Amino acid sequence: RRRAAAITRAHRQAGLHSPIWDPRVITLLEGIARSVGAAPAKKVALLRDPLLATIARIDLDTTAGLRDRALLLVGFALGLRRSELVAITVEDLSSSPDGMDVRIAKSKTDQAGRGTSLLLAYASDHHPCPVRALRAWLDHAAIGSGPVFRRVTRTHAVSSPLSPQSVALIVKRRVQAAGLDPQAFAGHSLRSGFATQAARDGYLSAQIADITRHRDRRVLDGYIQAGRGAHEIARVL
């Protein structure tokens, strides 16, 4: 499926019709899915409690620590894709009475770049606050314009913007430090963690979709189903 998607994208960019849509190819792919199984290998959603445990293990006396705390909290609080997270610029941020407005200029489901604005709200008193964490990172790194999340060199210098893959590596490194299995998590664990946690906390699918902007509701429904607690399912034992 990944290779088929790459072929389709290459043909589309060249203005050509993709052979992937040939009925014979579609039939072949469906046959492969039936014979080897079609279920994708999903990474674990990073829920609130393990996230907070991970945050608690970060050394905030380091530049990388301040960046990673802000990155994890913002990515989780807004249910962002890793590409959206690293694309945020200082120009996309604006103050709000309830926290900070974050403009997502472009996303997977908004290729035209119309953009949308999400509220990054202040956290309750007993939780680490994504707004304050983000401001602490920007102030410490003296970032006044351009990309928000950037690489930190071995000499603690702030340099070029992070890549989407960097988000996955940061998540893995930080959860491992908290005693979790890094192989079970990835950059997407922040987004799936938000959706699953929100469902577990009782938010409606429409409320969750307002943040995640899922176009395919079947994907969101999967997170919501995963977020259902034992008191919400039929049990006979």
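How many bridges join strand β1 to strand β2, and in which sense do the two strands run? Four bridges join β1 (residues 93–96) to β2 (residues 99–104), and the strands run antiparallel. Two strands are said to pair if DSSP finds at least two bridges between them. The structure is a predicted model, in which local features need pLDDT of at least 70 and side-chain atom pairs count only at pLDDT 80 or more, while totals for chains, interfaces and linings use all residues. Residues are numbered from 1 along each chain as its sequence is written, and side-chain values use heavy atoms, with hydrogens and water left out.

The secondary structure comes to 10 helices and five strands. Helices (H or I, at least four residues) and strands (E, at least two) are DSSP runs, numbered from the N terminus. Of the 237 residues of the protein chain, 39% count as buried; here buried means under 20% relative accessible area, exposed means over 50%, and partly exposed lies in between (1.4 Å probe, protein chains only). The chain exposes about 13,900 Å², and carbon and sulfur atoms supply 54% of that area. Accessible areas come from the Shrake-Rupley method with a 1.4 Å probe, and for residues only the protein chains shown count as cover. Among contacts with a separation of 6 or more, 54% are between residues 24 or more positions apart, a contact being heavy atoms within 4.5 Å.

Two residues stand out for their backbone angles. Most residues other than glycine have a negative phi. H156, however, has a positive phi of about 70° although it is not a glycine. H156 is in the loop between β4 (150–152) and β5 (158–161), a hairpin with five residues between the strands. R213 also has a positive phi, near 60°, and is likewise a residue other than glycine; its place is in the loop between α9 (205–212) and α10 (217–226). Are these two residues buried or exposed? H156 is exposed, with a relative accessible area of 51%, whereas R213 is buried, with a relative accessible area of 16%.

Three further buried residues show how separate parts of the chain meet. T8, in helix α1 (residues 2–13), is buried at a relative accessible area of 8%. Not counting residues up to four places away in sequence, T8 touches S18, I20 and W21. L162 lies in the loop between β5 and α7 (164–177) and counts as buried at 8% relative accessibility. Its contacts, leaving aside neighbours within four places in sequence, are R67, L71, V86, F149, R150, R151 and I170. L162 and F149 are 13 residues apart in sequence, and their C-alpha atoms are 6.0 Å apart in space. V167, found in helix α7, counts as buried at 0% relative accessibility. With residues up to four places away not counted, V167 touches L71, R82, L85, V86, G187 and L190. V167 and L71 are 96 residues apart along the chain, yet 8.2 Å separates their C-alpha atoms.

Finally, there is open space to explore. Rolling a probe the size of a water molecule over the atoms shows where empty space is left. A pocket is an open set of points on a 1 Å grid over the protein atoms alone, where a 1.4 Å probe fits, with protein on both sides within 12 Å along at least five of seven lines; lining residues have an atom within 4 Å of a point. Grid points are joined across faces, edges and corners, and a volume is the space filled by probe spheres set on the points. About 650 Å³ of space lies in the second largest pocket. Of the 24 residues lining this pocket, R48, F76, A77, F194 and Y203 are the closest to its centre. At least two lining residues each come from α3 (48–56), α4 (63–77), β3, α8 (188–200) and α9. By class, the lining has 18 nonpolar, four polar and two charged residues. In this grouping, Ala, Val, Leu, Ile, Met, Phe, Trp, Tyr, Cys and Pro count as nonpolar, Asp, Glu, Lys and Arg as charged, and the others, Gly among them, as polar.
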